[in-house]
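Dear colleague,

I am handing over the structure we spoke of, and below it you will find what came out of going through it. Please read the notes with the model open beside them.

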Amino acid sequence: MTRTLLLVGTSKGAFILDGGADRTDWSISEPLCEGWPIHDLQWDPATGSIYAGGGSPWYGPAVFRSDDLGTTWTHSSEGLTYGDDGPKIPTVWNVTPAHGSIFAGVEPAGLFRSDDGGATWTHVSALRDHPSRPGWQPGAGGLICHTIVPHPTDPQKMWVAISAVGTFATEDGGASWEARNKGVVDCNSPDPHPETGQCVHKLVMAADDPDHLFQQNHCGVYRSSDGGRQWEDISTGLPSEFGFVMGTHPRDAATAWVIPLSHPEEGRTAPGGALAVWRTPDRGDTWERHDVGLPQEHAWVGVLREALSVDRHDPAGIFFGTSTGQLYGSVDEGVTWSLVIDHLPPIWGVQAIEVD
Amino acid sequence: MAVTVILPRSLVSLIPGTVRTCEVEATTVDEALARLDERTPGLRNRLVDSGPTIRQHINVFVDGQQARLDTALSPDATIHVIPAVSGG
């Protein structure tokens with residue numbers, strides 16, 4: 001029987017929810033990863049391992065690993081350093097398995113790679129060697145490498161997103177990086193079109209189409225049809241340009257979801273206190289609001305950048321967590337919603353996986 | 001010379017094989033942590049940041065006095081490793 005699990009990162013530990021085969025009756029683990037703040041959890045289907053990235057205020061950054069679906073864990077930060085003369089790394093923001101390696105995005109922004117399952121790490125230094133780095137500035141969440149998008153078939157290609165810097169791509173396995181922010185507005189700069197400085201919040205790839213990317217940015221929602229070399233604003237029709245999460249359909253390259261939030265200087269919560277997920281069926285040409293089952297009064301909640309995930313079922317399930325500890329789910333591609341669980345710590349990351 | 005090291009409960013929980021109180025041969029705090037890391041690999045990384053310095057929210061005391069990595073140890077010293085009062 002294939003079960004759906006939700007890997008949930010929170011400010012006070014990780015949790016694993018088990019939705020069985022039908023995703024309607026959920027059980028939940030105790031707090032995992034020693035109660036550490038965990039930004040992101042990912043599953044490596046090639047090995048069956050779960051990875052969790054985070055950082056303790058006392059004990060520093062680490063990537064945790066479980067080979068038994070969360071029953072036991074190991075952890076390491078060996079090599080997660082910029083050296084004794086470099087800046088200190090407080091936490092890991094993203095951990096992504098790809099092509100036999102594990103990649104970690106950290107604060108202050110940088111990328112690390114492990115070729116031994118997370119036991120030791122090596123700095124992918126060319127990203128921080130990019131000529132634009134002296135101008136890199138932090139967003140409200142810090143100067144963070146928060147999103148890693150590997151190419152599905154070519155291990156030489158990868159995209160990363162850094163707040164508040166923008167999108168970068170490599171086509172030579174990380175040896176060099178190119179800023180890919182053309183067409184993305186920096187609404188917090190006198191120059192609205194700098195090479196870098198665009199505050200990308202989340203970068204996602206269309207299903208089975210690595211040239212087609214989407215991003216939820218501080219200043220709008222965008223799409224690209226050429227691997228991020230040029231971007232086009234697709235915010236028209238949404239109630240707000242601002243938000244953090246974005247997800248794509250597992251099979252339909254034209255379908256994506258966002259959760260717009262109120263203006264960044266006006267709370268960053270569900271607009272009007274009414275929580276809704278917005279879906280585009282046509283790569284952002286149009287948007288439709290879905291709120292059935294979601295609270296429509298006094299829902300002054302936020303949804304942070306890693307806290308939405310789309311599973312691979314048909315119809316696809318969508319799950320998102322809030323900054324106030326509610327986790328909502330839909331098993332009909334976002335048309336109707338229900339509360340999966342309440343009273344968790346602030347939710348930072350949600351990942352839906354299917355296991356046997 | 002053997003010095004006594006007393007570790008916090010949360011660190012013992014985090015790193016299997018670690019014990020709350022142990023003895024190591026060391027002449028500085030840094031050496032003591034290195035000896036502990038040999039017994040339970042990864043322990044030093046949890047307490048020492050780049051620099052190297054003791055992590056910001058970890059306090060190390062030698063015989064009751066705040067210490068650094070280069071603090072010298074007397075033959076019968078006692079090292080307390082204590083997480084700072086911080087967090088939310």
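Helices, of at least four residues, and strands, of at least two, are here DSSP runs numbered from the N terminus. In these terms chain B of this predicted model has 3 helices and 7 strands, and along the sequence they follow the pattern β-α-β-α-α-β-β-β-β-β.

As to its overall form, the C-alpha trace of chain B spans about 40 × 25 × 25 Å along its principal axes, and its radius of gyration of 12 Å agrees with the value near 12 Å that a compact globule of 88 residues would have. Of the 88 residues of chain B, 30% count as buried, and among its contacts between residues at least 6 apart in sequence, 47% join residues at least 24 apart.

Helix α2 of chain B, residues 29-39, has B:Val29, B:Ala32, B:Leu33 and B:Leu36 as its buried residues. These cover an arc of only 95 degrees around the axis, and therefore lie on the same side of α2(B). What covers them includes, from chain B, the strands β1 (2-6), β2 (21-25), β3 (48-49), β5 (58-62) and β7 (78-83), together with the helix α3 (43-47).

Turning to the cores, the largest nonpolar one has 100 residues, and those with the most contacts inside it are A:Leu7, A:Val8, A:Ala104, A:Val160 and A:Phe320. Apart from it lies another core, of 25 residues, among them B:Val3, B:Val5, B:Leu43 and B:Leu73.

Finally, where the chains meet, 14 residues of chain A are in contact with 15 residues of chain B; the side belonging to chain A divides into 4 nonpolar, 6 polar and 4 charged residues.

With best regards

Key. Residues numbered from 1 in each chain as written. Chains lettered and ligands numbered in written order. Predicted model: local features only at pLDDT ≥ 70, side-chain atom pairs only at ≥ 80, totals over all residues. Contact = placed C-beta atoms within 7 Å. Nonpolar A, V, L, I, M, F, W, Y, C, P; charged D, E, K, R; others polar. Buried ≥ 20, exposed ≤ 12 C-beta atoms within 10 Å, placed from the backbone. Arc of directions from axis to C-beta. Core = buried A, V, L, I, M, F, W, Y, C linked by C-beta atoms within 7 Å. Rg over C-alpha atoms; globule rule 2.2 N^0.38 Å.
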